[in-house]
Amino acid sequence: MELPFAESFKIKMVETIRKSTREEREEWLKAANYNLFNLKSDHVFIDLLTDSGTGAMSDKQWSELMLGDESYAGARSYYKMKEALKNILGFDHFLPTHQGRAAENVLFSVLVKEGNIVPGNSHFDTTKGHIEFRKAKAVDCTIDEAFDTLIDHPFKGNLDLVKLESVLSTYPKEQIPMIIVTVTCNTSGGQPVSLANMKAVKELANKYEIPVCYDSARFAENAYFIKLREEGYQDKTIKEIVTEMYSHADMATMSSKKDAIVNMGGFIAMRDKQLWKEASTYNIMFEGYVTYGGMSGRDMNALAQGLDEGTEFETLETRIKQVEYLGEKLISYGVPIQMPIGGHAIFVDAKKFLSHIPKEEYQAQTLGCELYLEAGIRGVEIGAILADRDPETRENRYPKLELLRLAIPRRTYTNNHMDVVAAALKNVWDRRMDIKHGLKIVDEAPIMRHFTVELEKVE
């Protein structure tokens with residue numbers, strides 16, 4: 001008999017979570033203005049809002065916390081993190097930051113100016129926010145297959161080289177500070193970018209003398225998919241694939257709260273020492289001294305250890321198979337999701353799920369609220385609310401994909417929890433036609449509104 005798959009870890013500590021009643025959840029959701037970010041964590045049973053900083057650290061990472069050097073300058077922990085980045089990603093220069101959006105803020109303060117054009121593959125919310133805040137424009141060059149959730153393309157995160165070259169040939173190189181490659185591509189459903197595409201993007205970038213920056217939050221999961229799906233990489237280790245990935249990048253930002261499995265931390269890495277010097281000034285102003293940035297020594301230690309563990313095949317296999325487990329359950333129930341199943345989350349196709357609800361009533365946000373009411377499960381909208389308003393016309397932007405993301409924290413929940421999520425979503429699917437109306441916005445921030453938006457039901 002073939003042995004079934006089992007996780008490559010055992011549980012050492014647990015945290016109690018509380019089930020609530022439907023009546024309680026209705027009251028809490030209304031008080032939160034139908035914004036799932038506003039819910040107290042104690043009011044959530046299974047929290048799939050994000051996989052950022054919500055994973056369970058390993059025993060070795062917890063051990064590293066106790067070895068942290070909290071010296072203001074020149075801490076041992078800084079050099080431990082520097083060595084890990086050099087060994088795994090291959091960059092000589094880096095700056096620690098407290099998380100990914102801080103890394104973007106520092107780097108973009110150097111590179112992105114008003115009127116700039118920044119092409120990439122479906123820039124995520126903070127990335128686009130930092131670009132548009134500087135009165136520059138993010139141009140999406142993702143392949144068209146990414147926007148059809150039924151197509152089972154192995155690398156839906158790929159950049160369309162024709163779209164990309166059109167941008168590069170239209171604008172002078174001085175107007176394009178970088179090409180951003182997001183690995184994996186979160187906004188298109190946690191979809192990977194192939195190494196062949198990375199290489200081709202770098203060749204185009206070299207032709208037009210434009211640097212390439214990797215948004216690296218889930219780079220290890222991207223390498224895992226390359227190993228499984230791209231010809232010629234089956235016998236390579238994850239670390240070998242990562243080394244080849246980053247050979248095609250000039251710089252990188254990372255929210256280490258994902259694939260490095262820490263609660264807080266990030267960095268900017270680069271090859272150009274002059275860029276490091278210029279970014280250092282902003283890092284000191286915004287984050288902290290260059291050898292700690294926004295991080296404590298203990299967190300740098302845990303991050304360095306997490307980068308090593310997170311680029312091991314067994315760690316990634318265990319993590320991604322749990323996401324697959326939930327996805328396959330939902331497929332068997334007929335729930336429409338982005339195919340193929342992504343690395344860090346299930347992305348439910350809210351356009352298909354609530355096709356009778358007008359897009360102006362925010363289908364994905366409505367679905368997220370219904371799932372919370374059903375079983376106390378919190379997801380996050382990746383749709384029209386997150387897409388924000390056009391910075392010039394101030395009209396709502398309605399993206400091609402309207403998704404409810406169910407992001408699975410690493411090493412945190414069991415498959416029993418995934419069964420609950422699947423059953424709850426099936427229940428909402430079965431009663432979807434009873435959902436007559438969606439939501440409307442009553443108050444919003446001028447940029448990145450999804451974090452604090454206030455909504456009410458459409459009657």
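Helices, in the DSSP states H or I, are runs of at least four residues, strands, in state E, are runs of at least two, and both are numbered from the N terminus. The model shown in the following views is predicted.

**Figure 1. The cis peptide bond between Val 183 and Thr 184.** The bond leading from Val 183 to Thr 184 is cis, and its omega is near -15 degrees. Thr 184 belongs to the loop that runs between strand 5 and helix 7 (195–208).

**Figure 2. The cis peptide bond between Met 339 and Pro 340.** Met 339 is joined to Pro 340 by a cis peptide bond with an omega of about -5 degrees. The loop that holds Pro 340 lies between helix 12 and strand 9 (345–349).

**Figure 3. Packing of helix 3 (residues 76–88) against helix 11 (residues 297–310).** The two axes lie 8 Å apart, at an angle of about 20 degrees. Angles under 35 degrees count as roughly parallel, and helix 3 and helix 11 are therefore roughly parallel to each other. Their crossing is left-handed. Helix 3 contributes Ser 77, Tyr 78, Lys 80, Met 81, Ala 84, Leu 85 and Ile 88 to the contact, while helix 11 contributes Gly 297, Met 300, Asn 301, Leu 303, Ala 304, Leu 307 and Asp 308. Of the residues in this contact, nine are nonpolar, three are polar and two are charged.

**Figure 4. Packing of helix 4 against helix 10 (residues 273–286).** The angle between helix 4 and helix 10 is about 125 degrees, and their axes are 9 Å apart. Helix 4 is therefore oblique to helix 10. The crossing of this pair is right-handed. On the helix 4 side the contact involves Asn 105, Val 106, Leu 107, Ser 109, Val 110 and Leu 111; on the helix 10 side it involves Leu 275, Glu 278, Ala 279, Tyr 282, Asn 283 and Phe 286. Eight residues of the contact are nonpolar, three are polar and one is charged.

**Figure 5. Crossing of helix 8 (residues 219–229) and helix 12 (residues 313–332).** The axes of helix 8 and helix 12 cross at roughly 90 degrees and come within 10 Å. Helix 8 is therefore roughly perpendicular to helix 12. From helix 8, Ala 220, Glu 221, Tyr 224, Phe 225, Lys 227 and Leu 228 meet Phe 313, Leu 316, Glu 317, Arg 319 and Ile 320 of helix 12. The contact comprises seven nonpolar and four charged residues, with no polar ones.

Figure 6. The buried residues are Asp 125, Thr 126, Thr 127, Gly 129, His 130, Ile 131 and Glu 132. Their cover includes helix 4 (100–111), strand 3 (117–120), strand 4 (137–140), strand 5 (179–182), strand 6 (212–215) and helix 15. Lys 135, which follows helix 5, has a positive phi near 60 degrees.

Figure 7. The side chain of Arg 397 reaches the backbone oxygen of Arg 389 at a distance of 3.4 Å. When residues up to four places away in sequence are not counted, Arg 397 touches Lys 128, Glu 132, Ala 384, Ala 387, Asp 388, Arg 389, Asp 390 and Pro 391. One of these residues, Glu 132, is among the buried residues of helix 5.

**Figure 8. The setting of Gly 53 in the loop between strand 1 (46–47) and helix 2 (59–66).** Gly 53 has a relative accessible area of 15% and is buried, because the limit for burial is under 20%. Leaving aside neighbours within four places in sequence, Gly 53 contacts Lys 257, Val 262 and Asn 263. Pro 409 lies 356 residues from Gly 53 in sequence, yet the C-alpha atoms of the two are 8.1 Å apart in space.

**Figure 9. Positive phi angles at Asn 33 and Arg 411.** Asn 33 is not a glycine, yet its phi is positive, at about 55 degrees. This residue sits in the loop between helix 1 (22–31) and strand 1. With 26% relative accessibility, Asn 33 counts as partly exposed. Arg 411, also not a glycine, has a positive phi of about 60 degrees. The loop containing Arg 411 lies between strand 12 and helix 16 (415–430). Arg 411 has a relative accessible area of 23% and is partly exposed.

Definitions and conventions: Residues numbered from 1 in each chain as written. Predicted model: local features only at pLDDT ≥ 70, side-chain atom pairs only at ≥ 80, totals over all residues. Heavy atoms only, no water. Axes fitted to C-alpha atoms, helices over the stretch in contact; angles between N-to-C directions. Parallel < 35°, antiparallel > 145°, perpendicular 65-115°, else oblique. Left-handed = near helix turned anticlockwise from the far one by under 90°. Contact = heavy atoms within 4.5 Å. Nonpolar A, V, L, I, M, F, W, Y, C, P; charged D, E, K, R; others polar. Polar contact = N/O pair within 3.5 Å; in protein donor to acceptor, adjacent residues only side chain to side chain. Buried < 20%, exposed > 50% of the residue type's maximum accessible area, 1.4 Å probe, protein only.
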